[in-house]
Amino acid sequence: TTTHEIRQHELRYNFEGIKKIGNLLKPHSKKIKFIIVTNPSEEITNYLQHVLNHKNVLGFGTELDAKRYSKILGRKVLCLGPHGRAFPLINANSKETYDSLLRKSDNEIIKHLREKGIQHKLVGLGFKDFFEKLNSKKDIVHVCSYLKKPFLGVKNIAISAPFEIENGKVIKPAKIKVNKIEKERFKELARDLKISVNKLIKENIN
């Protein structure tokens, strides 16, 4: 079992609530900013962007991945990819390095879940930090957001990447360096996400 599989499992139980909330939000101004914290954040962010027909729906999640990888590696790192499958930008020369780090992060989370349950306090502190960055004058934060222009070969999908924030607005993807392995992994994750999102929309839009 992986944390990605756990989050996909959660979708089956909380999606009906998300649909109802989405319908209630439709009449509201498109100027409102919605932050998705429910798992899986990428699928739900994309679904609500489609239902509400606007892009001011942001997902929170990969900021937590970045914090976990930073703790494992002992230094601050940025990440790409959906929450639970994100990978750190470390310029490694093998796919196994990224796979190994993901397994280590997953194992630590699952061990904690079995011993102490959901990490409410840690997630809460992570969201507090995320929210403060999101509303700061200038910073970098990981969000799921539509990319206005193709980014690393990916377009038309809300997938987490580090974005520049300015005066509370998501401006553009942050300037990052990626190697060939990281670029291909990001594109592969985006393809998988598109399949999942398209199926979700097709099955739930009347």
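Predicted model: local features only at pLDDT ≥ 70, side-chain atom pairs only at ≥ 80, totals over all residues.

Colleague: Which helix gives the most to the lining of the largest cavity?

Modeller: The lining includes Leu102, Ser105, Asp106 and Ile109, and α4 runs over residues 95-116. With four residues, the top contributor is α4.

Colleague: What volume does that largest cavity have?

Modeller: The structure holds one cavity of 30 Å³ or more. The volume of the largest cavity comes out at about 40 Å³.

Colleague: And by class, how many charged residues are in the lining of the largest cavity?

Modeller: Arg7, Asp65, Arg68 and Asp106 are among the lining residues, and Asp and Arg count as charged. Next to four nonpolar and three polar residues, the charged count is four.

Colleague: Thr3 is in that lining too. Is Thr3 buried or exposed?

Modeller: Thr3 sits in helix α1, residues 3-25. Leaving out residues up to four places away in sequence, Thr3 touches Gly84, Asp106, Ile109 and Ile110. The cut-off for buried is under 20% relative accessible area, so at 3% relative accessibility Thr3 counts as buried.

Colleague: How are α3 and α4 set relative to each other, roughly parallel or roughly perpendicular?

Modeller: Helix α3 (residues 62-73) packs on α4 with axes 10 Å apart and an angle of about 105 degrees. Angles of 65 to 115 degrees fall in one class, so the pair is roughly perpendicular.

Colleague: Which residues of α3 make the contact with α4?

Modeller: On the α4 side you'll find Leu101, Leu102, Lys104, Ser105, Glu108 and Ile109. By class, the contact has six nonpolar, one polar and three charged residues. The α3 side consists of Arg68, Tyr69, Ile72 and Leu73.

Colleague: Now the largest pocket: how much space lies in it?

Modeller: Its lining has 20 residues, with Arg7, Glu10, Asn39, Ile118 and Val123 nearest the centre. By class that lining splits into eight nonpolar, nine polar and three charged residues. The space inside is about 450 Å³.

Colleague: Which helix gives the most to the lining of the largest pocket?

Modeller: The elements giving two or more residues there are α1, α3, α4 and α5 (120-134). Arg7 lines the largest cavity and is also one of the residues nearest the pocket's centre. With five residues, the biggest share of the pocket lining comes from α1.

Methods: Residues numbered from 1 in each chain as written. Heavy atoms only, no water. Buried < 20%, exposed > 50% of the residue type's maximum accessible area, 1.4 Å probe, protein only. Contact = heavy atoms within 4.5 Å. Axes fitted to C-alpha atoms, helices over the stretch in contact; angles between N-to-C directions. Parallel < 35°, antiparallel > 145°, perpendicular 65-115°, else oblique. 1 Å grid on protein atoms, 1.4 Å probe; cavity = no way out; pocket = protein on both sides within 12 Å on 5 of 7 lines; lining within 4 Å. Points joined across faces, edges and corners; volume = space filled by probe spheres on them.
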